[in-house]
Amino acid sequence: MSEETAQLYQKRIQIYPRSVKGRFRNLKTAALVLAYVIYYLLPWLRWDRPNAPDQAVLYDLPGRHFYIFGLTIQVQDIFWLAGALIIFAILLFFVTGLAGRVWCGYFCFQTLWTDLFMMVEHWVQGERPARMRLDKGPWNREKFAKKGGTYALWLLIAFWTGLTFTMYWTDAPTLVVDTLLGRAPYPAYFTTFLLTATTFVMAGLAREQVCTYMCPYARFQSAMFDHDTLIVSYNQRRGDGEKGRAKLGKGLKTREERQAQGVGDCIECGYCVQVCPVGIDIRKGLQYQCISCALCIDACDTIMDNLQWPRGLIRYTSENALSGKKTNLIKAKTIGYGVILVAAIAMLTWSILTRSPYTATVEQVRQPLYSQLTDGSTRNTYEIKLNNKLTAPMTVGIGIEGATGAILDMDGMERIALEPQERIKLLARVQIAPDPTGKGEHIDKITFVIKPLEGVTAEPIRRRVPFSTPDDGR
Amino acid sequence: MSEKMHEQQSTGAVQTTGHAWDGDLQEYNNPLPRWWLWCFYGTVVFSVLYWFIYPSWPVGQTWLKGFGSVSYTVTDKATGQQKEQDYRWNTRSLLLEDLSDAANNKQRKDMMAKVQAADYEQVLKDPKMMEFARSVGKGLFGDNCAACHGRGGQGVAGLYPNLTDDDWLWGGDMAQIHQTLVQGRNGFMPAFGQVLKPEQLDDVAEYVLTLASETRPSDASERGKEIFHGQTGGCYYCHGADAKGVPSQGAANLTDKIWAVADVPAQKNLPDKKTALKNFISSGVNNTRIMPPWKDRLSPTDIKLLAVYVRQLGGGKQ
């Protein structure tokens, strides 16, 4: 190292991943198709919802409602979102502890979109050597056409990705028409532009740099690894043998010949390195750049199949298995995460299933706390807030209990019809004559009972509130 | 070189910066990607652009105002016309833009028009309009009425009527409240100090206290009753033969538990209450209890909203 001065900044090495066929490639493609079908088509799905937008999944921020199929989430239920995020986080911990960076390799949107962009690149510019030749070559007509074509297709995909993201926040068909006619609102254009730009840059240009240098999850997932976690690994003992790897050559054609000479099964074809989307050599062991996409397994299996040697020179294994010990998948960590995960899912499900179709709060008006009436009785005033959470009308009745002789006056609004998703504040006056029971009883609390009468069946809501009198504090 | 570094990182042998301090203290070199550095320079350039778009540096007595501008709708106070106005970017103009464009504002205008078209009967029956009246009325009441009647409408005993009870001096139905607001009120009661002798004042005060069940009838109260209902005092002209008051005169109901005008409850014992009442009857009310007319100060819709607000404060009985 003495002959060279240390460089503080690193030049990026362009990666040209070769395509590969195999079982993990098929799994990745299946995950990709599934994710894209859901992502791109979901906003177009309609849902019959009377008195509310008919988009199956719609996050209506101005209207403060999230519509997810049959479920309508109101502002006060937003903690469900926190619950869902907690579940996703624990699911990540659980899966990562068990099977390593499964999320990174198969499901992460960075992986999916990079994959799609590489497919486009491959389709337009050809396989790895062709792409490398094109990059090295001069800017002639062919290079302009192929590079331009790739960028144009990328941009188109990126734009549709951005627009689709925006569709989740407003009515999709209207948005598409409005966007193309130039009359969509500014935030819609801004969101679409931002997502278009980030998709193009991240999936087209930055690629593995995102996973290596930007993504925090990539780094902290290693904290969830242990010696039993599944990792993609090269079998060094089999591949290197005693004397190391060697190309297929004279006297080194069959396994028997090679083993006799102490040479391993790796024929140094370099296919596993060429297919790697992050540009590492898996034969150097576990590296932080590895996203566990398993494409090197497919590559090596292809070669082994061709040579009719057994598969598995590169395979899913664990550090314990590599050092000859047993891989223990059912361990305290897995069980712990599993239990927490099941509990969190159960709690969220329970919370959603037992949600109330309406809410009611009662608050005492404090200025003045009470007023004396002409017949000597005391009056308190309350503000009642009602919220119909359904997309259907309902009728609600308001009454009081727990106070003999108390009179409720709401100007005839004790029985109130609520429009779908209506929120309303009502005023309630309650008057109680002095000593209504004749037993010298002092009333300082009353209970409002709000119960649904029509349109829905649900438990009545009870709200116990203070009742102030001049006798208070004597 | 980079290839080599990659290899070193992959194999776990990390390059050092090449220095050694205290003999063996070395520093690892994990080079940052070059593009990351360019991103940093990019943010520096971006911040300079910001200086020109948004208000930034102080310059002498003034500052760089920025090219950004915000447009919003303003109402011209003199003509009542609405017009678009451009102003340089700041948080105040953003707020004005928000206020003039927001969906809430449209909702408010729609509701205002609905109230304007409705009569009292319709407003009182409509929960949405009542909610609106309470919300807008609270602001109007705070601006115009609370100075005397208090923030919650509880008034000041002996000076300004309490609007939260069910005792309405000038009547509690919508027409009467509307009239009170539009035309104002001027409470009057003649001073009896010159008309009645001190002992007669005593008797009348005693009688009025029995009316409100503060004390039991006695000889004195019987004498007071004669003065009240006879030509000597003539109190029944205004307060009525049943002493229950006459709203059209603003004459108080003397038979209920509420002392709407005279501050009798402030006194703790009976003799003091009697003295307070006697003094009140003696001096009367003349130009001390005036409510100004509001018809020239508030719009008809504002008066409508205020009337509904005041009615729901007290419940609007009688």
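Helices and strands are taken here as DSSP runs, numbered from the N terminus. In this predicted model, A:P368 lies in the loop that joins β7 (358-364) to β8 (371-372) of chain A. The peptide bond leading from A:Q367 into A:P368 is cis, with omega near -5 degrees. Most residues other than glycine have a negative phi, and most peptide bonds are trans. With 13 other C-beta atoms within 10 Å, A:E268 is partly exposed. A:D411 counts as partly exposed, having 17 C-beta neighbours inside 10 Å.

Chain A is divided into domain 1 (231-322) and domain 2 (358-466). Taken over C-alpha atoms, the centres of these two domains are separated by 76 Å. In chain B the assignment gives domain 1 (2-19 + 28-59), domain 2 (69-101), domain 3 (115-184 + 292-314) and domain 4 (188-291). The centres of domain 1 and domain 3 of chain B, taken over C-alpha atoms, are 66 Å apart.

The largest nonpolar core comprises 29 residues, and those touching the most other members are A:V232, A:C272, A:I282, A:L295, A:C296 and A:I314. At least two residues of this core are supplied by each of α3 (102-107), β5 (231-234), α13 (271-275) and α14 (295-307) of chain A. The largest share, five residues, comes from α14(A). Leaving aside neighbours within four places in sequence, A:I314 is in contact with A:V232, A:Y234, A:C272, A:I282, A:C296, A:I297 and A:C300. Another core, lying apart from this one, has 25 residues, including B:L169, B:A205, B:A251 and B:A252.

Helix α14(A) also packs against α1 (residues 23-41) of chain A: the two axes come within 7 Å and cross at roughly 145 degrees. In this contact A:R23, A:F24 and A:R25 of α1(A) meet A:L295, A:I297 and A:D298 of α14(A). The residues involved divide into three nonpolar, no polar and three charged.

Helix α8 of chain A (residues 186-206) has 21 residues, which at 1.5 Å a residue should span 30 Å; the end C-alpha atoms are 28 Å apart, in agreement with that value. The buried residues in α8(A) are A:T192, A:T196, A:T199, A:F200, A:A203, A:G204 and A:A206. Their cover includes α4 (109-125), α6 (141-167), α7 (172-181) and α9 (208-214) of chain A. After α8(A) comes A:R207, whose phi is positive, near 45 degrees.

The contact between the chains takes 35 residues from chain B and 35 residues from chain A. On the chain B side, two or more residues are given by each of α1 (2-10), β1 (32-33), α2 (34-53) and α6 (127-144). That side divides into 12 nonpolar, 13 polar and 10 charged residues.

Elsewhere in chain B, B:C148 is found in helix α7 (residues 146-149). B:C148 is partly exposed, with 13 other C-beta atoms within 10 Å. The C-alpha atoms of B:C148 and B:N162 are separated by 9.9 Å, and the two residues are 14 residues apart along the chain.

Methods:
Residues numbered from 1 in each chain as written. Chains lettered and ligands numbered in written order. Predicted model: local features only at pLDDT ≥ 70, side-chain atom pairs only at ≥ 80, totals over all residues. Domains from an automatic or database assignment. Core = buried A, V, L, I, M, F, W, Y, C linked by C-beta atoms within 7 Å. Buried ≥ 20, exposed ≤ 12 C-beta atoms within 10 Å, placed from the backbone. Helix = DSSP H or I, 4+ residues; strand = E, 2+ residues; numbered from the N terminus. Contact = placed C-beta atoms within 7 Å. Axes fitted to C-alpha atoms, helices over the stretch in contact; angles between N-to-C directions. Nonpolar A, V, L, I, M, F, W, Y, C, P; charged D, E, K, R; others polar. Expected span 1.5 Å × (residues − 1).
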